[in-house]
Amino acid sequence: MDVGDLSLPSAILVEGVQIVLALLAAPILSGWIGFCRSVLSNRSPAGILQPWRDLVRLFRKETIVPEGTSFLFRVVPFLVFAALLSCVLFVPALVTDPPLAPVADAVVLVGLFSLARMLMAFGAMDAGTPFGDLGGRREMMVGFLAEPATLMILFTASLWSRSTALPAILHSLLGASAPFHPSLLFALLAFILVLLAENGRLPIDNPSTHLELTMIHEAMLLEYSGPLLAMMEWGSQIKLLLYLLIGTDFFFPAGLPASLSPGSLGAGLLFLSAKLLVAGAGIALIETLFAKLRIFRVPEFTALAYLLATMGFLIHFVLEV
Amino acid sequence: MSPPLPAHPFANDLVQFLGSALLMSAFAMLALRRMTSLVRIFALQGVLLTLSTLAVAILSAETHLLFSAIFTFAFKVVLLPAILFRLLNRLRIQGEVEVLVNVPSTMVLGLAIAVFSFTLAGPISELASTVSKGLIGVGLASLLLSFLMMISRRKALTQVIGFLGMENALFFSAINATYGMPMVVELGVAFDVLVGTFVFGIFFFQIRETFESLDLKHMDTTSME
């Protein structure tokens, strides 16, 4: 099956469905992680829809822009949101070949993620408050340390297909005969570390902290309020969803629909939601078990991720060729 | 001895997968800082070793490897971790491992060691006639990584865990290079390691009594009087 040869209207339909689903599902996924965390730490959960309630409440508020900020401060939330949402177009989620996938490969995807991160840090520094500045700097540090590992993971996964295009990687993994890929075992562990680091999850950054001195992601959003804050939060939730989608594509590709018929699409959606729910519960479990690392331990964490990814790369040549 | 054909197309992949997991656990030992997690990783290595010995036994139809797997399980999954946990309790060792070289540099060094051993093992594995010959490099890398852990840590107990990790890697390489050593040798080595751990245990108490610490740097400065 090749979805790449779709007619224009159906291609637009496929991408439209993917975007709408990502927009709807990203806050629900965050809500699910929060739900699991509450259950695991013996608190009464707020419900899976809580992030949606927060977003709606924020969008209803008026926009307040701090004094002394430039236009950059107001533009950043839209740019960040747009950069992250455009990634949804390229990542295979419901079908193996999204019609726009040839436009961008995995390296472009990493570039878009760092563009979003850089813009977010600019927005935080633009307000000129110490905490925003500190958060922006820390976020850039974590990003700069995690990026080599991200790229190595992508390269390891692309060794099978000899191409960094996501659909090509996916096809080669789906078509591989062996169920065990030693190199992907390493890449998977590295990916989990990178996912936690890049999305501000617990060993690196506490997403629910109220202590400014330890914040990374939250510190960058301190000056934002109302709809602008909602855009930033929604963007981050989409980013987490994207990371989980890339993870399931690379490491658990089974269950992606082979055709565009409604039946197989429905089954694919069911498989995908199951995989995302399990992955979300896994993140909640990690966040419950581990305490936040000191900021100076972050290089150690990301060095481990880089090392595992590189080992996967080497192991491919030693064992799998 | 000509290699028998793999019993199942996935069996060879399984052995390779377990070998990579063993290498990964060697890296995990380098990266982890807590004593108890080190012992747990050591027990996990034992489980991986048992599974891969079993897989090679089934692949090669060598029955003595089955016994080997049972011994590995008894010694390296049950007995040695139990002794080590007991030692941790008795010595009241908690908290973090003290390192001589900081952890990120050790890990980058570990990566270099892995590349070195893969290159070194390349020509050797060409000569081997077993089913899973690519794994000789992996075994060598795990061996050298455990060695690196031994020399980059300060405390006596961490060094013993490094030593036991080395023995694991050696056993793994032996199984994959030659379908295991003769039973007598394997049993002898297993008992040696067991007795070694006992002796080390007694030694720890002696070291602590003499220097009031398990840090081996004190032993450098003792003069012979």
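A residue is called buried if 20 or more other C-beta atoms lie within 10 Å of its own, exposed if 12 or fewer do, and partly exposed in between, with C-beta atoms placed from the backbone. Take A:Leu276: with 20 other C-beta atoms within 10 Å, A:Leu276 is buried.

Before going on, some bookkeeping. This is a predicted model, in which local features need pLDDT of at least 70 and side-chain atom pairs count only at pLDDT 80 or more, while totals for chains, interfaces and linings use all residues. Residues are numbered from 1 along each chain as its sequence is written, and chains are lettered from A and ligands numbered from 1 in the order in which they are written.

Back to A:Leu276. A:Leu276 sits in helix 10 of chain A, residues 262-289; helices (H or I, at least four residues) and strands (E, at least two) are DSSP runs, numbered from the N terminus. What does A:Leu276 touch, not counting residues up to four places away in sequence? The partners are A:Leu29 and A:Leu244, where contact means that the two C-beta atoms, placed from the backbone, lie within 7 Å. A:Thr248 is 28 residues apart from A:Leu276 along the chain, and their C-alpha atoms are separated by 8.0 Å.

Next, helix pairs. Two packed helices are described by the angle between their axes and the distance between the axes. Axes are lines fitted to C-alpha atoms, for helices over the stretch in contact, and angles run from 0 to 180 degrees between N-to-C directions.

The axes of helix 3 (residues 71-90) and helix 9 (residues 226-251) of chain A come within 9 Å and cross at roughly 25 degrees. That makes helix 3 of chain A roughly parallel to helix 9 of chain A; angles under 35 degrees count as roughly parallel, over 145 as roughly antiparallel, 65 to 115 as roughly perpendicular and the rest as oblique. This crossing of helix 3 and helix 9 of chain A is left-handed, meaning that the near helix is turned anticlockwise from the far one by less than a right angle (clockwise would be right-handed). By class, the residues of this contact of helix 3 with helix 9 of chain A are 14 nonpolar, one polar and one charged. Ala, Val, Leu, Ile, Met, Phe, Trp, Tyr, Cys and Pro count as nonpolar, Asp, Glu, Lys and Arg as charged, and the others, Gly among them, as polar.

The second pair is helix 7 (residues 182-198) and helix 11 of chain A, whose axes come within 8 Å and cross at roughly 160 degrees. Helix 7 of chain A is therefore roughly antiparallel to helix 11 of chain A. Their crossing is left-handed. This contact of helix 7 with helix 11 of chain A has 18 nonpolar, four polar and no charged residues.

Why is helix 11 of chain A described as largely enclosed by the rest of the structure? Because 17 of its 22 residues are buried.

Finally, chain B. Chain B has eight helices and zero strands, and 43% of its 225 residues are buried. The contact between the chains takes 22 residues from chain B and 18 residues from chain A. On the side of chain B that touches chain A, helix 1 (9-31), helix 4 (103-127) and helix 5 (135-152) each supply at least two residues. Helix 1 of chain B gives the most, with ten residues. That side of chain B divides into 16 nonpolar, five polar and one charged.
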